[in-house]
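Colleague: Please take me through the domains, the interfaces and the cavities of this model, one question at a time.

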Amino acid sequence: MSQQAVNGVPSRGKVLTVDNMNPNVKRVEYAVRGPIVQRAVQIEKELREGVKKPFTEVIKANIGDAHAMGQKPITFLRQVLALCAYPELMEDNKFPEDAKKRAQRILDACGGHSIGAYSASQGIECVRQDVARYIEKRDGGIPSNPDSIYLSTGASDAIVTMLKLLVCGEGHDRTGVMISIPQYPLYSAALADLGAVQISYYLDEDKCWSLDVAELRRALNAARQHCNPRVLCIINPGNPTGQVQSRQCIEDVIKFAKEEHLFLMADEVYQDNVYAEGCKFHSFKKVLFEMGPEYSSTVEMASFHSTSKCYMGECGFRGGYMEVINMDPEVKAQLIKLVSVRLCPPVPGQALLDLVVNPPQPDEPSYTTFMKERTAVLAALAEKAKLTEEIFNTVPGITCNPVQGAMYTFPRITLPQKAIDKAKEQGQVPDMYYCMRLLEEEGICLVPGSGFGQREGTFHFRMTILPPTEKLKVVLQKIRDFHLRFTQEFS
Amino acid sequence: NLTCSSAQIASTQLREVTDMSGVRKPYKELIDVCWCDPHSVGVKPLTFVRQVLAACVYPQLMKSHELPLDVRQRAQWLLGRCDGGSVGSYNAQPCIPEIIEKVSEFTTRRDGGVPSYPENIFISTGSQWAIMVDILNVLVNSEASPKTGVLTPAPCHVTSMMSITALGAAAVPYYLTEEQGWTLQVEELQRALESAKGVCNPVALYVINPGNPAGLVQSRKSMQEVIRFASEKRLFLLADEVYQDFVYGENREFVSYKRVLAEMGPPYSDTVELVSFHSTSKGFMGECGMRGGYVELVNLDPAVQKHIFKLISKSSCTPVLAQMALDLMVNPPQPGDPSYPLYNQQTQHIKNMLAQNVKTTHEVLNSLPGVISQPVEGGAFVFPRVFLPPKAIQKAEEEGMQPDTFYCVRLLEETGVLCCPGSEFEQKEGTYHIRYNLTYTSHLLRHLTTFHTKFMKDFS
């Protein structure tokens with residue numbers, strides 16, 4: 001008698017079903033690539049097939065993908081990477097000497113002088129050394145140990161790895177992880193996947209999305225009832241909100257983490273994207289060490305950076321790293337094991353990271369062009385940040401905080417009650433309904449605020465500020481017109 | 001939840017020996033044949049692949065006519081598939097759809113016309129990532145009691161074992177029959193399944209074909225038996241086929257599990273749930289550092305498949321260059337293309353080298369006293385059995401090492417050759433092996449012969 005008959009299971013029943021699969025996976029949501037994006041892709045297909053629409057293209061302002069929106073890659077970076085991919089190009093005198101030198105150095109650190117060889121799981125040693133030197137320079141000389149640097153497949157990979165390491169326990173003892181509302185949904189997705197407890201702390205929209213330690217304390221104390229809070233995640237500059245934390249705020253957070261015995265995870269991938277007057281990026285590590293040994297030798301922390309944002313925008317390379325501070329050596333040993341299961345991060349991404357932390361110097365041939373391109377990208381973003389804030393604030397029913405940094409705007413929208421009701425009828429969250437309507441009518445793809453978390457009864461959307469300035473102006477205008485129409489329709 | 005297995009201790013000890021900088025060594029160079037990492041041991045990347053990738057990274061290269069026409073055309077096509085025409089973009093969908101179509105066309109061709117559907121394929125960041133993050137993560141309920149079990153071949157390569165235990169599942173070994181060339185016996189699958197009673201709840205059967213470290217290439221008959229077993233016992237089939245390009249020996253060919261399953265017809269062909277893995281790391285490309293691969297799903301519950309694709313979108317995409325490398329793997333230059341002659345020459349060279357190495361390694365190893373090496377039918381490794389003298393085993397115990405680790409440490413210290421000890425691979429209790437990969441140079445066998453002869457004498 002077959003096993004199936006013995007079990008009385010219908011012979012065509014699947015072995016793997018939604019009932020017996022990992023229950024955590026079912027809870028995972030990732031709004032940035034969620035249903036609205038799927039619809040956007042479908043619409044693009046329809047446009048290609050000649051279906052008539054009120055627009056000729058879909059503007060995907062949902063994801064922080066600079067190159068997709070027309071930002072040009074930095075010449076120097078691509079030259080070195082091309083030389084690494086096909087070293088025969090070293091003979092080509094169209095490539096500058098400093099590019100060739102960098103490429104040679106990277107290739108010499110690779111097995112068989114090829115970026116196709118596996119690297120050490122922690123990342124190529126000389127790249128980690130260069131990252132450490134970059135951090136030291138950035139942080140005014142505070143030492144950085146290459147052994148505490150772990151290269152990764154984008155920052156997301158390192159973030160998930162750290163969370164995997166930190167999450168444990170059962171029931172009331174289950175690890176609780178503090179994350180801001182609103183937040184970048186990688187965090188909520190990862191926490192759902194790991195079966196960790198998400199502890200939400202609200203950023204203050206009225207105070208330009210600033211972080212208040214009193215709110216951290218409130219959230220933590222409430223959470224202690226049902227879980228074991230061990231981790232505090234902070235994104236600075238913020239995503240989706242764009243706020244750049246003040247130095248004082250960072251100190252307060254560090255003090256809080258020490259008092260409450262929390263592991264700090266500082267997501268700093270937008271560290272070069274700071275625009276507003278009076279705002280400055282302060283690395284958590286720098287502030288920690290400047291607070292003296294009482295803090296710098298005790299607070300456990302991991303900071304994350306990536307090649308996907310800033311002026312490079314090289315999302316497709318999946319380059320990134322994390323630096324761990326004050327990690328228990330036994331835990332470090334476990335971390336090394338965990339990263340070794342994936343074998344190694346993509347080597348082209350490691351090579352790219354090396355260039356980002358070791359860019360052309362003033363005395364090198366590529367310096368002028370490099371600085372010109374870098375400055376142009378960051379200046380354009382600053383201009384677009386300002387433009388976005390100005391235009392949105394002219395629209396009745398849209399309030400937009402200044403975009404101090406990062407690549408997004410997260411304006412608050414007022415929705416008429418009738419629209420909220422209509423959304424409910426359709427089984428949709430109100431801001432999803434709003435964004436879907438915008439997509440269908442104007443071909444603009446945004447992500448509803450519900451994907452990031454927001455205070456009950458408030459609605460937002462996240463839009464990137466990446467489209468080229470002229471196009472952005474058109475997008476802003478279309479959203480303004482749509483909002484007015486929408487409000488009118490449901491008045 | 002990560003336990004430190006003896007295997008980990010073994011490789012740490014080996015690595016520590018290699019890190020002994022400043023200590024005078026009797027050898028001039030380190031010959032690391034632990035992994036299958038062709039470029040690191042001197043196998044050249046394929047020119048066509050690197051030319052296309054370079055042109056994609058730095059499109060200015062396409063302006064000159066120094067690159068062959070087919071290179072430029074392919075690079076142009078690939079860049080046209082990227083948002084913003086740049087390899088630096090994320091892409092709206094985590095896997096470039098046109099490349100998935102090419103993969104689907106590839107598997108259809110490879111499998112003699114068995115249809116392949118793009119919606120059942122996704123691109124992964126290397127096969128190990130896919131196995132652990134994308135598939136096992138969905139299969140394994142870490143809160144389940146008893147634990148989820150996965151039947152795994154013994155011997156088996158260490159990363160898959162680690163993936164399984166890291167997720168809170170239990171690996172249930174089924175032993176391949178060494179004396180018969182590492183064949184897979186269904187009776188042994190049965191025994192393994194029964195041994196799991198009361199210990200864990202087996203839900204999946206993991207097979208590696210061509211094998212690693214064992215160099216078997218399964219016969220169609222054997223594969224049919226596995227499929228029938230999976231069907232009867234309601235097991236989810238995971239087929240790791242990354243070495244499919246490496247098949248040696250006269251009467252051996254690689255047939256994919258998907259093909260065998262389809263050819264068996266109903267009820268198997270439309271009920272057995274199968275996931276197959278392939279990668280750009282192995283084969284002739286050997287692009288391990290790119291971290292590219294693909295996964296093909298057959299007969300999965302549509303609701304489950306939806307969750308898998310949702311997870312993939314969350315991990316924000318395989319590197320774009322890796323996706324392009326995948327396209328080049330499944331759609332290489334054809335006769336008549338300008339790059340074909342060189343491409344063919346380079347792949348033939350690798351093929352010939354491997355075939356030659358398989359032959360000489362078999363002869364040399366089997367001529368050594370106390371060494372028996374099964375014929376290597378496929379894959380990238382040779383896994384000879386070493387019958388260690390009792391004195392050596394004792395010495396190893398004294399030094400706190402597994403006997404084959406001790407052997408490998410000594411081998412490294414005296415010759416600079418770094419092999420993996422069999423104790424890392426879940427070998428049968430009381431047996432000892434070493435593993436090294438077949439993309440080696442002639443020095444290796446010479447060193448090994450000299451060392452082994454001396455070792456056996458010293459411990460006789």
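Modeller: This is a predicted model.

Colleague: Turning to chain B, what area do domain 1 of chain B and domain 2 of chain B bury between them?

Modeller: The domain assignment of chain B gives domain 1 (6-42 + 344-459) and domain 2 (97-330). The C-alpha centres of these domains of chain B lie 27 Å apart, and the contact takes 29 residues from domain 1 and 33 residues from domain 2. With 61% of it on carbon and sulfur atoms, the buried area is about 2600 Å².

Colleague: Which residue forms a salt bridge with Arg252(B)?

Modeller: Across the interface of domain 1 of chain B and domain 2 of chain B the rule finds one salt bridge. In domain 1 of chain B, the residues that lose the most area to domain 2 are Gln374(B), Glu377(B) and Glu426(B), together 25% of what that side buries. The closest N and O atoms of the salt bridge are 3.1 Å apart, and the partner of Arg252(B) is Glu377(B).

Colleague: How many salt bridges does the rule find across the interface of chain B and chain A?

Modeller: The size of an interface is often given as the accessible area lost when the parts come together. Between chain B and chain A that area is about 6600 Å², with 61% from carbon and sulfur atoms. The contact involves 80 residues of chain B and 75 residues of chain A. Across this interface of chain B and chain A, the number of salt bridges found is zero.

Colleague: Which helix gives the largest share of the lining of the largest cavity?

Modeller: The count comes to nine cavities of 30 Å³ or more, and the largest cavity has a volume of about 210 Å³. Of its 21 lining residues, the closest to the centre are Ser156(A), Tyr184(A), Val269(A), Lys309(A) and Tyr90(B). The lining draws at least three residues from each of domain 1 and domain 2 of chain A. The largest share, four residues, comes from residues 154-166 of chain A, helix α7.

Colleague: How many residues in the lining of the second largest cavity are charged?

Modeller: The second largest cavity has a volume of about 160 Å³. Of its 17 lining residues, the closest to the centre are Leu151(A), Asp157(A), Thr161(A), Val339(A) and Arg342(A). At least two residues each come from β2 (149-153), α7 and α13 (329-340) of chain A, and from α5 (127-139) of chain B. By class the lining has ten nonpolar and four polar residues, and the number of charged ones is three.

Colleague: Where does the peptide bond to Pro210(B) sit, in terms of the elements of chain B?

Modeller: The peptide bond from Asn209(B) to Pro210(B) is cis, with omega near -5°. In chain A, the bond from Asn236(A) to Pro237(A) is cis, with omega near -5°, and Pro237(A) is in the loop between β5 (228-235) and α10 (247-259). Pro210(B) lies in chain B, in the loop between β5 (200-208) and α8 (220-232).

Conventions: Residues are numbered from 1 along each chain as its sequence is written. Chains are lettered from A and ligands numbered from 1 in the order in which they are written. This is a predicted model: local features need pLDDT of at least 70, side-chain atom pairs count only at pLDDT 80 or more; totals for chains, interfaces and linings use all residues. Side-chain values use heavy atoms; hydrogens and water are left out. On a 1 Å grid over the protein atoms alone, a cavity is a set of points where a 1.4 Å probe fits but cannot get out, and a pocket is an open set with protein on both sides within 12 Å along at least five of seven lines; lining residues have an atom within 4 Å of a point. Grid points are joined across faces, edges and corners, and a volume is the space filled by probe spheres set on the points. Domain bounds come from an automatic or database domain assignment. Ala, Val, Leu, Ile, Met, Phe, Trp, Tyr, Cys and Pro count as nonpolar, Asp, Glu, Lys and Arg as charged, and the others, Gly among them, as polar. Contact means heavy atoms within 4.5 Å. Buried area is the accessible area (1.4 Å probe) that two parts lose on being put together, summed over both. A salt bridge is a side-chain nitrogen of Lys or Arg within 4 Å of a carboxyl oxygen of Asp or Glu.
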